[in-house]
Amino acid sequence: MENIDWAEIGQATLDTLAMLGGSMVLTILLGLPLGVILFLTGKGQMLQNRLANGALSLLVNVLRSVPFVILLIVMIPLTVALVGTSLGVAGAIPPLVVGAAPFFARLVETALREVDKGVIEASFAMGAKRRQVVLGALLPEALPGLVAAATVTAVALVSYTAMAGVVGAGGLGDLAIRFGYQRFQTDVMIVTVVLLLVLVQVLQMIGDAVVRRVSHK
Amino acid sequence: MIAFEAVSKTYAALSEKGGGHAALSGVSLSVKAGEVFGVIGASGAGKSTLIRLINGLETPTGGRVVVDGDDVAALGVEGLRALRRRVGMIFQHFNLLSGKTVAQNVAFPLKLAGRPAAEVKARTAELLERVGLSAHAGKFPAQLSGGQKQRVGIARALATGPKILLCDEATSALDPETTEQILELVSGLNRELGLTIVLITHEMDVVRRVCDRVAVLEGGRLVEEGSVEDVFLHPASGTARRFVQEAEGEISVAPGVGGRLVRLTFKGEATYKPVLGEVARATGVDYSILGGRIHRLRETPYGQLTLALTGGDVAAAIAQFQAAGVRVDDLGGESV
């Protein structure tokens with residue numbers, strides 16, 4: 001373990017957590033409304049709109065089909081325009097969000113489809129407005145599914161942050177590539193991979209615990 | 001209170017080649033204030049569409065539905081929401097919010113209506129008391145039995161103080177004993193709060209127990225309508241006859257039995273009188289009982305017997321039965 005600089009690994013871990021936290025918050029802020037709109041404009045739903053649904057669906061599919069490594073590079077001009085740099089934690093967040101939000105939106109749409117239609121109908125029968133149905137019945141009823149979707153997205157983001165190391169984002173993935181791979185420092189590689197594995201494990205455990213907590217089925 | 005005027009509902013075709021599917025065609029009926037009105041039909045007969053037209057969950061493609069003086073289709077968004085607060089609805093699968101507690105479920109319509117918190121709390125407690133669930137206020141629906149879930153559904157439907165209660169196959173997912181309890185509760189609401197109740201069902205037994213009047217639907221058309229007594233004892237349509245037979249077991253007439261076949265219908269007090277024996281003694285007519293049923297329509301006892309009458313003065317016997325308040329239907333057979 002002679003190559004390991006614990007201070008550097010500590011910093012890289014913090015960078016990874018910062019990228020993960022920042023991009024997760026923005027992914028939810030963008031992806032949740034997108035998923036809700038995808039669901040509501042779908043066939044047989046309360047805002048059924050073939051055109052809007054088709055356009056959004058196409059956008060989501062296009063973004064999801066671009067390999068993340070390519071997205072990182074293609075996004076560079078936009079990233080610079082948005083946050084002033086394409087490097088470091090700040091430079092990594094825009095491509096992370098653009099990569100993860102469509103993915104999360106699809107998972108949100110799926111979670112909303114699982115909600116019992118009878119509950120939605122009953123809410124309307126009670127005199128609810130559409131907004132009240134969405135906020136008071138649809139989203140709360142889908143909560144366990146939404147938390148599970150967020151967990152899957154967070155885990156996907158961990159591997160995205162590792163890839164973002166390729167374009168100089170910093171973090172554990174960057175360390176693994178620069179030292180572990182390019183300098184053949186296997187010990188650094190192992191430590192970073194173990195840390196990423198622990199991170200994923202912890203995220204999944206937290207997610208599962210929250211799902212159990214909010215699920216009353 | 002509720003009037004259907006030549007109402008039709010046609011669903012747009014699902015595929016390009018098929019024509020639209022008519023769920024209801026030309027249905028006219030009226031429900032009076034304070035009565036329990038049953039709609040019976042097989043699955044696919046249009047009951048579900050019919051009940052949803054009342055609170056605007058469905059809109060008619062022809063005709064008008066008038067509820068409490070308002071043409072449902074002509075109401076704006078706000079008007080429709082106001083109507084829905086005056087029309088409660090309960091469902092076959094309860095449709096409770098699984099993530100909310102019993103109390104939160106009952107409070108939901110009040111919160112939707114923007115009532116102040118203190119009122120919501122007091123009203124919720126009062127409603128839970130009425131349906132006997134005060135002890136379960138903090139539980140989630142998944143922790144309740146089917147009957148308890150439907151009680152929550154009823155409390156929730158009553159929250160905004162409706163005049164009309166719609167029951168969408170409300171007891172179809174419940175066992176017989178629980179069905180009995182829920183029907184008892186619904187009957188009580190009709191008596192005590194004067195609620196007008198429309199219930200749809202595929203079980204004649206439910207109609208027999210709680211309804212004043214009943215409409216029979218088949219293939220989207222109204223085939224029979226009348227008091228439960230009339231439809232139950234003297235069903236005119238094949239559909240109504242089938243439902244009655246399902247509920248009661250068929251009245252079987254043994255083939256080859258001699259004598260004049262008659263069906264006697266006793267209602268109310270006449271059910272308990274020894275009419276048969278009296279008439280037989282007075283007219284010298286002998287009778288053999290070929291089939292029969294004795295039951296209750298809501299609170300009214302009734303009996304229906306199919307007899308073969310032989311010997312004596314059959315015409316006089318029939319006249320005496322009628323004089324005693326017994327309806328006699330001549331089913332034919334050998335004449336006197």
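This is a predicted model: local features need pLDDT of at least 70, side-chain atom pairs count only at pLDDT 80 or more; totals for chains, interfaces and linings use all residues.
## A tour of chain B

Residues are numbered from 1 along each chain as its sequence is written, while chains are lettered from A and ligands numbered from 1 in the order in which they are written.

Zoom out. The C-alpha trace of chain B spans about 75 × 55 × 35 Å along its principal axes. Of the 336 residues in chain B, 40% are buried (20 or more other C-beta atoms within 10 Å of the residue's own, with C-beta atoms placed from the backbone).

Next, select residues 2-246 of chain B, domain 1, then 260-333, domain 2. These bounds come from an automatic or database domain assignment. Taken over C-alpha atoms, the two domain centres are 38 Å apart.

Now go to where they touch. Seven residues of domain 1 of chain B are in contact with five of domain 2 (C-beta atoms, placed from the backbone, within 7 Å). On the domain 1 side, pick α7 (204-210) and α8 (228-233) of chain B; each supplies at least two residues. Which helix gives the most to this side? α8(B) does, with four residues.

Finally, colour the domain 1 side by residue class: four nonpolar, no polar and three charged. Here Ala, Val, Leu, Ile, Met, Phe, Trp, Tyr, Cys and Pro count as nonpolar, Asp, Glu, Lys and Arg as charged, and the others, Gly among them, as polar.

How values were computed: A residue is buried if 20 or more other C-beta atoms lie within 10 Å of its own, exposed if 12 or fewer, and partly exposed in between; C-beta atoms are placed from the backbone. Two residues are in contact if their C-beta atoms, placed from the backbone, lie within 7 Å.
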